[in-house]
Amino acid sequence: TLLRSGPGSCGSVAAAGGGGSAMEAVPRMPMIWLDLKEAGEFSFGAAVKEFVLKNYGENPENYNEELKKLEQLRQSAVNVPRDFEGCSILRKYFGQIGRA
């Protein structure tokens, strides 16, 4: 069983086992609050299309739907809520850009 430290917790997870309390399994570390970086509107579709055409010789219009989804995911990551759902959005976005 996993216990989360609170409703807005992203990474503070402790394992609950047999006899002892969950706190004995994994000590909690103090967390530092950092403000989120501000980011404005940014469309990278044109640059990606140019890259696809130049480096792969494929019709970049074939990737319109995927680029639209990636831009929507980025916009969601830029305006992320500060809760567990926001952490999930950031993980999904960074997972996508980490594959490149």
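Modeller: Let's begin at Phe51, which is partly exposed, with a relative accessible area of 46%. Please keep in mind as we go that this is a predicted model. Tyr56 has a relative accessibility of 55% and counts as exposed, because the exposed class begins over 50%.

The structure holds 2 aromatic pairs, and one of them is formed by Phe51 and Tyr56. A pair of aromatic rings is described by the distance of the centres and the angle of the planes. For Phe51 and Tyr56, the centres are 6.1 Å apart and the planes make an angle of 70°, so the pair is edge-to-face, a label used for angles over 60 degrees.

Now for the helix around them. Helix H2 covers residues 45-56, and its 12 residues reach 16 Å from the first C-alpha to the last, close to the 16 Å expected at 1.5 Å a residue. H2 is followed by Gly57, whose phi is positive, near 65°.

The protein chain has 4 helices and 2 strands, and along the sequence they follow the pattern β-β-α-α-α-α. Buried residues make up 17% of the 100 residues in the protein chain.

H3 runs over residues 64-78, and its 15 residues reach 21 Å from the first C-alpha to the last, close to the 21 Å expected at 1.5 Å a residue. Which residues of H3 are buried? They are Leu67, Leu73, Arg74 and Ala77. These residues cover an arc of only 125° around the axis, which puts them on the same side of H3. What do the buried residues of H3 pack against? Their partners are helix H2 and helix H4, the latter covering residues 84-97.

Let's stay with Arg74, which is found in helix H3. At 13% relative accessibility, Arg74 counts as buried, because buried means under 20%. Leaving aside its neighbours within four places in sequence, Arg74 is in contact with Ala39, Gly40, Phe42, Phe44 and Tyr93.

Tyr93 takes us over to H4. This helix has 14 residues and reaches 20 Å from its first C-alpha to its last, close to the 20 Å expected at 1.5 Å a residue. In H4, the buried residues are Gly86, Cys87, Ile89 and Tyr93. Seen down the axis of H4, they fall within an arc of 160°, so they line one face of the helix. On the other side of H4, Glu85 and Lys92 are exposed.

What residues make up the largest nonpolar core? It has 5 residues: Leu73, Ala77, Val80, Ile89 and Tyr93. H3 and H4 each supply at least two residues of this core.

Ile97 lies in helix H4 and, at 40% relative accessibility, counts as partly exposed. Ile97 and Arg74 are 23 residues apart along the chain, and their C-alpha atoms are separated by 9.5 Å. For the chain as a whole, among contacts between residues at least 6 apart in sequence, 34% join residues at least 24 apart.

Methods
Residues are numbered from 1 along each chain as its sequence is written. This is a predicted model: local features need pLDDT of at least 70, side-chain atom pairs count only at pLDDT 80 or more; totals for chains, interfaces and linings use all residues. Side-chain values use heavy atoms; hydrogens and water are left out. The expected span of a helix is 1.5 Å times one less than its number of residues. Buried means under 20% relative accessible area, exposed over 50%, partly exposed in between (1.4 Å probe, protein chains only). The arc is that of the directions from the helix axis to the C-beta atoms. Contact means heavy atoms within 4.5 Å. Rings of Phe, Tyr and Trp (its six-membered ring) pair if their centres lie within 6.5 Å; planes under 30 degrees apart count as stacked, over 60 as edge-to-face and the rest as tilted. A nonpolar core is a set of buried Ala, Val, Leu, Ile, Met, Phe, Trp, Tyr and Cys residues joined through side-chain atoms within 4.5 Å.
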